[in-house]
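Here are some exercises to work through with the model open beside you. Try each task before reading its solution.

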Amino acid sequence: MTTTAATRAMGGRARVANARGARPTRGDRAGARGRVMGRVRAVSATPDVSSEQEFNAYIKNVNAEIERALDASVPMHYPERLSESMRYSLLAGGKRIRPALCLAACELVGGTMEVAMPTACALEMIHTMSLIHDDLPSMDNDDFRRGKPTNHKVYGEEMAILAGDALLSHAFEYIGRETKGVSADKVLRVIVDVGKCVGSEGLVGGQVVDIMSEGADEGTVTIDTLKYIHAHKTGALLEVSVTAGAILGGASEEQIGKLERYAQNIGLAFQVVDDILDCTATSEELGKTAGKDMAVGKSTYPSLVGMEESKRIAADLISKAKQELEGFDPVKVKPLIGLADYIQNRKN
Ligand code: GRG
């Protein structure tokens, strides 16, 4: 999808770029609706629907592009069993929130989806590998993920560990090799930022504190510990999804700062909602085992502050996130507003 296709789906001006990114010809404009043009799928404008419907149309189209790009990002090769295992989890569905945030942030500041797509795919590879490893018997020991048997249940533990490792390294290779049309220093900055958000100061650090807190004596896991876990284990990758997209799109430092704060708020809200859903949704709705937090004695927002307060906190965080978007282009900012609302109201 091109930049214009996305903004059109959100009710922006109906302008169509051709597949080379040049000014649209009359033929392009006439034939663009719902047709695949080479690698670019065009969508028709939906200016006459309510904003929630507009967002749904937008996200449906963006997700279709993400699925297509993900499918191409991990081709089958020898040893096929490893490729199969990587693709099994990567293409198992999922909400694709991280890539969607990355693409929306890039477009918001004037970049194109094409520029951010390799990074968007890489972020989903990293997210997927973290899920594969999280589900392992030595970690959360889960049988279901994204509505399917977990990777190690299908391919065995050794292959699941290695598929995760391969997805992780492929992610960095993919950003470096496939990002086109943007300066090398921006690509390098993105690679460094993603590395930091994934390692001991990010996702892995958060997971470690989470494991150390499990089954801890009552009162020892405070709300600050929980904030640390959430900000690192979940928030860091969501944050870099937004900031990486913004960097690739050519954002100013001030814009990156605002988007970073937007992302920190939605990141924490995402996990507060996750804690809530673990208590309120069914395993079928979640596509993974529900009620797991309570079963293993995990401290969560509902267990520490109660359900109603947790909902209030999530709403407050989403509202703060949206405040950071003030001053951006009112049309191009709609996807990030919609994604914030989606994170608050999601059912899985
Ligand atoms: C990253 C090197 C490296 C190792 C992994 C196991 C581990 C270390 C970290 C665990 C990270 C983890 C599982 C965090 C939870 C994040 C979270 C809320 C996942 C659910 O995300 P959704 O709802 O899932 O976006 P879908 O399936 O929709 O993509």
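## Exercise 1: The core

**Task.** Find the largest nonpolar core and say which residues have the most contacts inside it.

**Solution.** The largest nonpolar core holds 84 residues, and those with the most contacts inside it are Leu101, Leu259, Tyr262, Leu336 and Leu339. A nonpolar core here is a set of buried Ala, Val, Leu, Ile, Met, Phe, Trp, Tyr and Cys residues joined through side-chain atoms within 4.5 Å. Buried means under 20% relative accessible area, exposed over 50%, and partly exposed in between (1.4 Å probe, protein chains only).

Before going on, a word on the source: this is a predicted model, where local features need pLDDT of at least 70 and side-chain atom pairs count only at pLDDT 80 or more, while totals for chains, interfaces and linings use all residues. Residues are numbered from 1 along each chain as its sequence is written, and side-chain values use heavy atoms, with hydrogens and water left out.

Now pick Tyr262. Setting aside residues up to four places away in sequence, Tyr262 touches Leu101, Val242, Ala321, Glu324, Leu325, Leu336, Leu339 and Ala340; contact means heavy atoms within 4.5 Å.

Then zoom out. The chain has 17 helices and four strands, taken as DSSP runs numbered from the N terminus (helices H or I, at least four residues; strands E, at least two). Of its 348 residues, 51% count as buried. Among contacts with a separation of 6 or more, 70% are between residues 24 or more positions apart.

## Exercise 2: The largest pocket

**Task.** Work out which residues lie nearest the centre of the largest pocket, and which helix gives the most to its lining.

**Solution.** Start with the volume: about 1,100 Å³ of space lies in the largest pocket. The search runs on a 1 Å grid over the protein atoms alone: a cavity is a set of points where a 1.4 Å probe fits but cannot get out, a pocket is an open set with protein on both sides within 12 Å along at least five of seven lines, and lining residues have an atom within 4 Å of a point. Grid points are joined across faces, edges and corners, and a volume is the space filled by probe spheres set on the points.

Next, the lining. It has 49 residues, with His127, Leu131, Asp134, Arg145 and Lys288 nearest the centre of the pocket. Helix α6 gives the most, with eight residues; other helices that supply at least two include α5 (97-108) and α12 (253-280).

Finally, sort the lining by type: 15 nonpolar, 13 polar and 21 charged. Ala, Val, Leu, Ile, Met, Phe, Trp, Tyr, Cys and Pro count as nonpolar, Asp, Glu, Lys and Arg as charged, and the others, Gly among them, as polar.

## Exercise 3: Lys292 and Asn141

**Task.** Which backbone oxygen does the side chain of Lys292 reach, and what is the phi of Asn141?

**Solution.** Lys292 lies in helix α14 and counts as buried, because its relative accessibility is 18%. The side chain of Lys292 reaches the backbone oxygen of Asp140 at 2.5 Å. Beyond its neighbours within four places in sequence, Lys292 is in contact with Asp140, Asn141, Asp142 and Asp278.

Follow that list to Asn141, in the loop between α6 and β3. Its phi is near 55°, a positive value in a residue other than glycine. Asn141 is partly exposed, with a relative accessible area of 45%.

Technical notes: Polar contact = N/O pair within 3.5 Å; in protein donor to acceptor, adjacent residues only side chain to side chain.
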